[in-house]
Amino acid sequence: MAKWWRSLRTAIQYPRPPLSPLQPFHSQSSRYHTIQAIPREVAGRRVSAREREQGRIPAVVFPQSLLDKNPSNGLTSRKRLLTTEKKQIQAILKSVQLPFFCSTTFPLQVRAGSGSSMLLESGTVMPIKIHRSEKTGKILNLVFVWADEGTELKVDVPVVFKGEENCPGLKKGGHLKMIRSTLKYICPAEQIPQKIEVDVSNLDIEDRVYMRDIEVHPSLKLLSKNENLPICKCVATNLDSPEPVATNLERPEPAEV
């Protein structure tokens, strides 16, 4: 697997072409990162611990339907137990970075074994969870979902702000209070946005940006019963104080995958 990682390091150095309006960012970035993996026959704490000792990260790939409340038994055959190279995943995380890693799709190639040229399976996947050790912060395992063209996925898309330097409310001494760090959409796999940009350049004190204000690709469906909920608010510093916003992109000690 070390050979694959060396080839990955070369691949991610190519320049990225410019984006067009409403074009999913991941379609430009993730194509330079192909995740290489080998199969795992069994799961369990001891097996996973041995993999990590050898510089690898256990992973699992599910079809989206198995994550639903009423999964279809006919698709369990697409569940894959895999092992990835730790250095490769670390290189990707340095380039893509959290929280955008879990809203980005990647090509996946499953080889017969370490150093093998035999390709067993390939497809497109999207990370949905990164499990880390609470004590060390090291990655324990990864969970992916199949994201092949034509499928629809439920995605927590990170929210980022732009225009803060021109925001009237901030110039008056206020601060921007983030109410939601992500927005959940049903997205076609080929139209997943890596992030949602919220323009706050016109916000004054007490102004808000609501879910209904966000412009996205028409194929995306917001998973919220109330589009009138706010995403952020510009508040006066002496009247309110920023509150930390929780995210679930990373989870502490998990059950072994």
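## Aromatic pair

Phe101 and Phe106 are both buried (under 20% relative accessible area with a 1.4 Å probe, protein chains only; over 50% is exposed, in between partly exposed). This is a predicted model, in which local features need pLDDT of at least 70 and side-chain atom pairs count only at pLDDT 80 or more, while totals for chains, interfaces and linings use all residues. Residues are numbered from 1 along each chain as its sequence is written, and side-chain values use heavy atoms, without hydrogens and water.

Rings of Phe, Tyr and Trp (its six-membered ring) pair if their centres lie within 6.5 Å; planes under 30 degrees apart are stacked, over 60 edge-to-face and the rest tilted. The count by this rule is one aromatic pair. The ring centres of Phe101 and Phe106 are 5.6 Å apart with planes at 45 degrees, so the pair is tilted.

## Charges over rings

The charged end of Arg212 sits over the ring of Tyr210, 4.3 Å from its centre (CZ of Arg or NZ of Lys within 6 Å of the ring centre and within 35 degrees of the ring normal). Lys195 lies over the face of Phe100, 5.8 Å from the ring centre.

Strand 7 (residues 152–162) and strand 9 (residues 182–188) run antiparallel, joined by seven bridges. Val155 is opposite Tyr185 in strand 9.

Notes
Pairing = 2+ DSSP bridges. Helix = DSSP H or I, 4+ residues; strand = E, 2+ residues; numbered from the N terminus.
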